[in-house]
Amino acid sequence: MHFALEQGIFQFNVESEPELHQLSAVASHMGKTAAIAFRINPDVDAKTHAKISTGKSENKFGIPLSRARDIYETAAKLPGIRVQGVDLHIGSQLTDLAPFAEAFQRIVTLVEDLRADGHDISVIDLGGGLGIPYDRESSKPPLPTEYGQMAKRIIGHLGCKIIIEPGRLLVGNAGILVSKVIYVKQGENRKFLIIDAAMNDLVRPSMYDAYHEIVAVKEHEGPTSPYDIVGPVCETGDTFARDRDLPDLSAGDLVAIRSAGAYGAVMSSTYNTRRLIPEVLVKGGKYAIIRARPTYEDIIGLDELAEWQD
Ligand SMILES: Cc1ncc(COP(=O)(O)O)c(C=O)c1O
């Protein structure tokens, strides 16, 4: 808070009452005023995976709509605070506009109520959440233009400055995870493609049951057969996909896991002392390593003995 105030941040999106009081204390102590919006939980089902749904009343995020007018009242009286907006973010990877529209409609009503209560509401932060196609065959999320038209239709008349926070939409399909086949293993009744990427490199399939397209890097003609594509980590959850039709592959072949540009590298870890994979930026025929693979010493070197250990 101190740093953000020093930098002259445009707005704090405050998401709880204790946070509001803390911000008031920090800003007053610095002799500054923090412009705020409250993150409102509109209690709308985003119809996305439970672990990335954030706008239902049972989710930990935001101020319940029913408490909103009271908390704006409280904020307006606090030192170091200037109320200016309303914020929401109902979830991630939404593939339908309806939950957004329902949430935005609730926010419109709230803004009208807050203005009637005497608050000067001039900013609405709509959050992020618009989904991307992970499966080119069947998933067709709305286009950003359709989202924009819907938002304008519902909230345009309020005359507010609009903030959006797209994440995945910008970068999700800009990245792939390239991995090498280590072994092809025939199980009792399944064929496993064991690759050198694992759940620590891209956790979405094991964490969110997420679908990622997986293709052979070298185009093959000819027959395909179903594979379970798994990593080498000691967890059954270390599975990228089941029953995917791929051409005949063998050790050393490369596969690409598509749509790995969002929530891939940023959620990766060194679990099993696996080194973070390098990130390579590609433009036309040019490439550059923009995040190098750390060494084992880099990882192990973070550990220290306690001074009282022999
Ligand atoms: C507050 C907030 N805004 C924006 C985003 C970006 O979401 P997305 O990548 O789904 O657009 C997130 C992601 O979790 C978030 O928590």
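The chain's secondary structure amounts to eight helices and 14 strands. The model is predicted. Of the 310 residues, 30% are buried. Among contacts between residues at least 6 apart in sequence, 73% join residues at least 24 apart.

**The two domains**

Colour residues 2-169 and 175-300 separately; the domain assignment gives these as domain 1 and domain 2, respectively. Their C-alpha centres lie 35 Å apart. Nine residues from domain 1 and nine residues from domain 2 take part in the contact. On the domain 1 side, the touching residues comprise three nonpolar, two polar and four charged.

**The largest nonpolar core**

Next, select Ile 36, Phe 38, Ile 40, Val 86 and Ile 107. Within the largest nonpolar core, which has 35 residues, these five touch the most other members. At least two core residues come from each of strand 1 (12-14), helix 2 (17-30), strand 2 (34-41), helix 3 (65-77), strand 4 (81-87), helix 4 (98-116) and strand 5 (123-125). Helix 4 contributes the most, with seven residues.

Centre the view on Ile 36. Beyond its neighbours within four places in sequence, Ile 36 is in contact with Gln 11, Phe 12 and Val 14, with Ala 75, and with Ile 81, Arg 82, Val 83 and Gln 84. A second, separate core holds 19 residues, among them Leu 193, Ala 197, Leu 202 and Ala 260.

**The ligand shell**

Turn now to the ligand. The residues around it are His 89, Ser 92, Gln 93, Gly 127, Gly 128, Gly 129, Glu 165, Pro 166, Gly 167, Arg 168, Leu 169 and Ala 262. By class, this shell divides into three nonpolar, seven polar and two charged residues.

Within the shell, select Gln 93, one of the residues around the ligand. Gln 93 is placed in the loop between strand 4 and helix 4. Its phi is near 55 degrees, a positive value in a residue other than glycine. Most residues other than glycine have a negative phi. Why is Gln 93 classed as buried? Gln 93 counts as buried because 25 other C-beta atoms lie within 10 Å, where the cut-off is 20 or more.

**Tyr 263**

Move to Tyr 263, in the loop between strand 12 (254-257) and strand 13 (279-283). Tyr 263 is not a glycine, yet has a positive phi of about 60 degrees. Tyr 263 counts as buried because it has 22 C-beta neighbours inside 10 Å.

Is Tyr 134 buried or exposed? Tyr 134 is buried, since 20 other C-beta atoms lie within 10 Å.

Show its contacts as well. Not counting residues up to four places away in sequence, Tyr 134 touches Ser 139, Ala 210, Tyr 211, His 212, Glu 213 and Ser 259. Finally, draw a C-alpha to C-alpha distance from Tyr 134 to Ala 260. The two are 126 residues apart in sequence and 9.4 Å apart in space. Ala 260 was already met as a member of the second core.

Note on methods. Residues are numbered from 1 along each chain as its sequence is written. This is a predicted model: local features need pLDDT of at least 70, side-chain atom pairs count only at pLDDT 80 or more; totals for chains, interfaces and linings use all residues. A nonpolar core is a set of buried Ala, Val, Leu, Ile, Met, Phe, Trp, Tyr and Cys residues joined through C-beta atoms within 7 Å. A residue is buried if 20 or more other C-beta atoms lie within 10 Å of its own, exposed if 12 or fewer, and partly exposed in between; C-beta atoms are placed from the backbone. Helices (H or I, at least four residues) and strands (E, at least two) are DSSP runs, numbered from the N terminus. Two residues are in contact if their C-beta atoms, placed from the backbone, lie within 7 Å. Domain bounds come from an automatic or database domain assignment. Ala, Val, Leu, Ile, Met, Phe, Trp, Tyr, Cys and Pro count as nonpolar, Asp, Glu, Lys and Arg as charged, and the others, Gly among them, as polar. A residue is near a molecule or strand if its C-beta atom, placed from the backbone, lies within 6 Å of it.
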